[in-house]
Amino acid sequence: MKQFAISVPVTELSYDELSPEELELVNTAREASHRAYAPYSKFHVGAAVRLDNGVVVPGSNQENAAFPSGTCAERSACYYAGARYPEAKFEAIAVAARGTDGMELDEPAAPCGACRQALVEYEHLAGHDVPVYMAGATKVYRMPSVASLLPFTFSEF
């Protein structure tokens, strides 16, 4: 038997430590959380994808009474980016969430498993690591890549 460990570096940043480009991406995700349609869970999530053409595409979760027919914020943003800008490659993604009380979460929220799998497809298409920014009320976690959130990704690549 062989055992091994997988470790992932996480950088915790204050909002003051973000570059202007990073802050724009994170703030776009935070703003998008206000456009979520979440009457059932009351959990409002926003996402933003920066493309290599400079465009930042926001997305928000959109729920449906026929659960689970809704769409998460991350998939909303990445699918729209892929449909609208099919030649553009992903450069980074940010995620932000507000809890059932309407306030930003203290701890940064991570994408769900389905979103991680969807996003890793776009990371493969980009041909490079796509950093992930997870925003909380006072801090941001920066992950080096989407794949770092999903070890042993399922892929046809």
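Which side chain meets that of R142 in a salt bridge? Colleagues, the partner is E22, at 3.0 Å from N to O; a salt bridge here is a side-chain nitrogen of Lys or Arg within 4 Å of a carboxyl oxygen of Asp or Glu. R142 lies in strand β6 and E22 in helix α1 (residues 20-32), so the pair ties together parts 120 residues apart in sequence. Helices (H or I, at least four residues) and strands (E, at least two) are DSSP runs, numbered from the N terminus.

Some notes on the source. This is a predicted model, in which local features need pLDDT of at least 70 and side-chain atom pairs count only at pLDDT 80 or more, while totals for chains, interfaces and linings use all residues. Residues are numbered from 1 along each chain as its sequence is written, and side-chain values use heavy atoms, with hydrogens and water left out.

E22 is buried, at 13% relative accessible area, whereas R142 is partly exposed, at 27%. Buried means under 20% relative accessible area, exposed over 50%, and partly exposed in between (1.4 Å probe, protein chains only).

The whole structure holds four salt bridges. Another of them joins E24 and R50, at 2.9 Å from N to O. This pair links distant parts of the chain, with E24 in helix α1 and R50 in strand β2 (residues 44-51), 26 residues apart. E24 is partly exposed, at 42%, and R50 is buried, at 9%.

I close with E107 and K139, whose side chains also meet in a salt bridge, at 2.9 Å from N to O. E107 is partly exposed, at 44%, and K139 is buried, at 16%.
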